[in-house]
Amino acid sequence: MKITLKTHVDPTTNLVIPILKDGTLADTLDNIATQVGLPALALQTDFTAERHEVLPVYQPNGQKIYLLGVGEKPGSMDWLRTFRKLFFSQKDKLPAQMAVDLTPYDSDTVEAVILGILGGRYDLRLFQTGDNNRSAKPAAFFADSGELTVFVAESELVNAQAAVDRAGIIADAQLQMLDLTNAPGNYKTPQFLSNWAVNSGRLHGYDVTILDKAALEERGMGALLSVSQGSEQPPVLIVMEYKPDGATQTIGLVGKGVTFDTGGISIKASASMHLMKSDMGGAAAVLGTMAVVAQLKLPIHVIGIVPATENMVDGRSTRPGDVITSYSGKTIEIIDTDAEGRVILADGLGYLLRNFQPDVVIDLATLTGSVIAALGYHAAGLFTQNDELAAQLTASADRTGERIWRLPLWDAYREDIKSDVADVKNFSGKPLAGAISAAKFIEAFTDNHPAWAHLDIAGMAFADTEFGSQKNATAFGIRLLVDYLRRKTTVVD
Ligand code: BES
Ligand code: MN
Ligand code: ZN
């Protein structure tokens, strides 16, 4: 699908007009009513501009206008979701040529709307056969011959074009990460993640090194190895590096890549275990961000690390009570084999810190059910001792609508991870403050880095969406990180 920007609204197109539910509503509807030859009152009784409300009306020339309610004060995520839902649900009915009137709005809104429209293409039916398969009958609008015209104000044209280009790159990464996160565990092995990274690195010009099982053994990555021990699938450490000339800052990103989490010997209940194919949502955020950063050619040095493994039940699995030695040299008493994410992050962070000198370190992980108990499915937990980093990440979260909320890291919680026999233990044994003690555990492997942040995205990576009836992937974190990284460099428009 091709996207073109224009500065004058052309009535000969099938047009989507977003409508705000504010003081301008009556006037807006009056104008549209005149244009389409309807009594103003008809539109006003039928359309209240509630978010997601859609009213299709025909223009005298036979072209359609979709009035799309966007509610009172839409934020970036509201714009994205409203457009995504419309284009997803109408996908098969949409003509190949569509237009959107964004004349009153700025380029940030243009970016969000384009992300929403492109996201509407997503289809979960990868494994359905025959006519139901998603590639069987591509929607005309989303086919290569489809066309989208976006009307913007003359003064926004330059910024809007940049926003459209950026949105295309971000949406592409997001759609791929939706596929990767939704992929079942029998397709998506640690090797599958590393193949994705290698291909992306080749395609977009960044370095990807894969440490295989032998390399992990050689380097003493005992934490990652211990989690993978019960699996037939060998673990990998994916190391990605994007290093443009002249970059003055280095950012390290680490993403939890558990391709399936049974809990191990501390096995999970079966009712929602199938959802644990999504336990690599942190890895998806990091993989997707690397691809975007390289394509946007951001002038910043970014390292992405993904420890990838399954957490399985087997005669060789790590036992509760086992003591293991991490890459950092610190020993870990495994109280609960289901607290495996923090264990593999210990080695991911250890590798990052010993082999690179990042100015900032951010890890993302679908780490705890506890963060969902605290924040539900509306925000990720943010943990950091660095107020400036907290402010920057929170600002990016507010701008993109990928919400985060800060939780404490007070040393009082260190008690929870004190082991009698090893340097640390991986679980307090108590059903209290689980997201915080997990963060305290990870902190023990950050070498007291002054700018480390941990994002617990357990509630955000896999959620209810219009794409399906069960929870499915969101690609959470890519927009957040890309916004943060763009603002870190000076070239933000
Ligand atoms: N992957 C899970 C956390 C999770 C739960 C993610 C629900 C998404 C949705 C993690 O590995 C885990 O099992 N955490 C345990 C830790 C506990 C055993 C200390 C949890 O939160 O219950
Ligand atoms: Mn687990
Ligand atoms: Zn897990």
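Donors here are N, O and S atoms within 2.8 Å of the metal (3.2 Å for Na, K and Ca), and water is not among the atoms, so sites may look incomplete. This is a predicted model, where local features need pLDDT of at least 70, side-chain atom pairs count only at pLDDT 80 or more, and totals for chains, interfaces and linings use all residues. Residues are numbered from 1 along each chain as its sequence is written, ligands are numbered from 1 in the order in which they are written, and side-chain values use heavy atoms, with hydrogens and water left out.

Let's start with the zinc ion (ligand 3). Its protein donors are Lys256 (NZ), Asp261 (OD), Asp279 (OD) and Glu340 (OE), at 1.9 to 2.4 Å. Along the sequence these donor residues follow the spacing K-x4-D-x17-D-x60-E. Aspartate 261 also reaches the manganese ion (ligand 2), bridging the two metals, which lie 3.1 Å apart.

Now for the largest pocket. A pocket is an open set of points on a 1 Å grid over the protein atoms alone, where a 1.4 Å probe fits, with protein on both sides within 12 Å along at least five of seven lines; lining residues have an atom within 4 Å of a point. The volume, meaning the space filled by probe spheres set on the points, is about 880 Å³ for the largest pocket. Of its 40 lining residues, Met77, Arg81, Arg84, Gly401 and Met460 are the closest to the centre.
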